[in-house]
Amino acid sequence: MKKLQFFFPLHKTAFFAIIYIHKREMRRNLLFLAVISVFVPNLAHSACSRANLSRCLDSACAINLSSNPAARCQYCGTADAGTPPTKNAMKSVSVGAAAKYNISDKDLKKAPTDPGARYVWATTKCVEMVAGCTPDDVTDTYDKLIEQSCTAAGISAQMSVLKDNIKKTKTKTTCSSEISNCVIGDKRCGDDFGACETDADFNKFFSACAAEITGCDQYASDIRAELVASRDSAIKNSAAMIDGIAKSYQDARKTRENSAYALCANNSGRDACISKICNERMPNNCGAGHADEKSMATQLCKYYDTACATIK
């Protein structure tokens with residue numbers, strides 16, 4: 001087989017993922033084959049097991065590798081490496097616990113046949129299946145294996161094009177997180193959406209964030225709808241909380257008023273005050289022959305008369 005160059009003239013099919021995205025009718029499809037980069041802000045990921053990542057990628061890209069050294073290049077490299085000799089699903093490349101990282105035969109039947117698209121598809125699946133791994137791990141771990149396979153097929157391969165193409169895509173989870181953090185920033189809507197109560201304000205900030213966060217165009221509509229729902233809920237909950245606080249103050253005030261009325265009824269509050277002072281402060285407990293103590297206790301409790309006269 002004659003040795004092929006990596007970059008071809010513009011009128012020919014470009015190598016790897018460029019083949020896929022340069023086809024007008026397939027361009028949008030690649031955008032939806034978003035590569036999973038397991039990402040949640042402020043949370044640490046578990047370390048990527050590149051051995052398990054390679055096993056997973058092999059289950060889609062190294063079918064019948066033992067009898068076909070060019071398999072990785074043919075399945076996930078370039079169509080110029082030729083058509084793989086068989087389309088049969090690969091038998092498990094490993095046994096035991098590691099086998100759980102193989103893409104299933106059922107999913108393999110859905111895999112793209114174009115090598116560039118299949119590389120993106122396999123990357124998406126395997127980053128989902130092997131915890132902690134990202135597209136960069138795929139690039140660092142697997143691209144050299146595809147290069148070796150392409151060399152076996154007589155093709156000089158460069159993988160940087162694939163890496164650049166992968167980085168142009170993001171998952172919905174990543175896009176939602178990045179755009180949401182942007183929208184609720186202090187200089188935009190705020191985490192309570194207080195600065196975005198009107199649709200005009202919200203749309204202004206969302207549009208700015210959608211333009212700032214690249215690689216998320218295909219998810220923008222869904223993310224906007226989710227953020228609008230979050231905003232409406234936050235505003236509604238905020239209003240309900242304010243109403244609740246106001247009601248609690250009203251209830252407390254009403255309770256105090258009722259208590260005051262009860263103390264003023266039949267002078268019960270004043271009489272209880274006089275009795276307490278007599279029993280606890282007067283030497284003779286305001287008993288017979290000690291009218292002066294009773295008079296003093298009555299004066300000390302006079303404030304009840306003044307207060308009750310105010311609320312009647």
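A residue is called buried when its relative accessible area is under 20%, exposed when the value is over 50%, and partly exposed in between, with a 1.4 Å probe and protein chains only. By this scale Arg 50, with a relative accessible area of 36%, is partly exposed. The structure is a predicted model, in which local features need pLDDT of at least 70 and side-chain atom pairs count only at pLDDT 80 or more, while totals for chains, interfaces and linings use all residues. Residues are numbered from 1 along each chain as its sequence is written, and side-chain values use heavy atoms, with hydrogens and water left out.

The chain contains 14 helices and zero strands; helices (H or I, at least four residues) and strands (E, at least two) are DSSP runs, numbered from the N terminus. Of its 312 residues, 41% count as buried. A contact is defined by heavy atoms within 4.5 Å. Among the contacts with a separation of 6 or more, 66% join residues 24 or more positions apart.

Charged side chains provide a further view of the fold. Side chains of opposite charge can pair when their charged atoms come close. A salt bridge here is a side-chain nitrogen of Lys or Arg within 4 Å of a carboxyl oxygen of Asp or Glu, and the whole structure holds 13 of them. One of these joins Asp 140 to Arg 50, with an N to O distance of 3.5 Å. Because Asp 140 belongs to helix H7 (residues 135-152) and Arg 50 to helix H3 (residues 50-61), this pair ties together parts that are 90 residues apart in sequence. Asp 140 is partly exposed, at 40% relative accessibility.

Asp 58 is buried at 13% relative accessibility, and Arg 72 is buried with a relative accessible area of 13%. Elsewhere, Asp 107 and Lys 125 meet in a salt bridge at 3.2 Å, N to O; Asp 107 lies in helix H5 (residues 105-108) and Lys 125 in helix H6 (residues 115-129), 18 residues apart. Salt bridges also link Arg 270, Asp 271, Lys 302 and Asp 305 in a network.

Two packed helices are described by the angle between their axes and the distance between the axes. The axes of H3 and H6 come within 9 Å and cross at roughly 145 degrees, where axes are lines fitted to C-alpha atoms, for helices over the stretch in contact, and angles run from 0 to 180 degrees between N-to-C directions. From H3, the residues Leu 53, Cys 56, Leu 57, Ala 60 and Cys 61 meet Arg 118, Trp 121, Ala 122, Thr 123, Cys 126 and Met 129 of H6. This contact has nine nonpolar, one polar and one charged residues, where Ala, Val, Leu, Ile, Met, Phe, Trp, Tyr, Cys and Pro count as nonpolar, Asp, Glu, Lys and Arg as charged, and the others, Gly among them, as polar.

Ile 155 is in the loop between H7 and helix H8 (160-167), and counts as buried at 4% relative accessibility. Ile 155 and Thr 78 are 77 residues apart in sequence, with a C-alpha to C-alpha distance of 9.1 Å in space.
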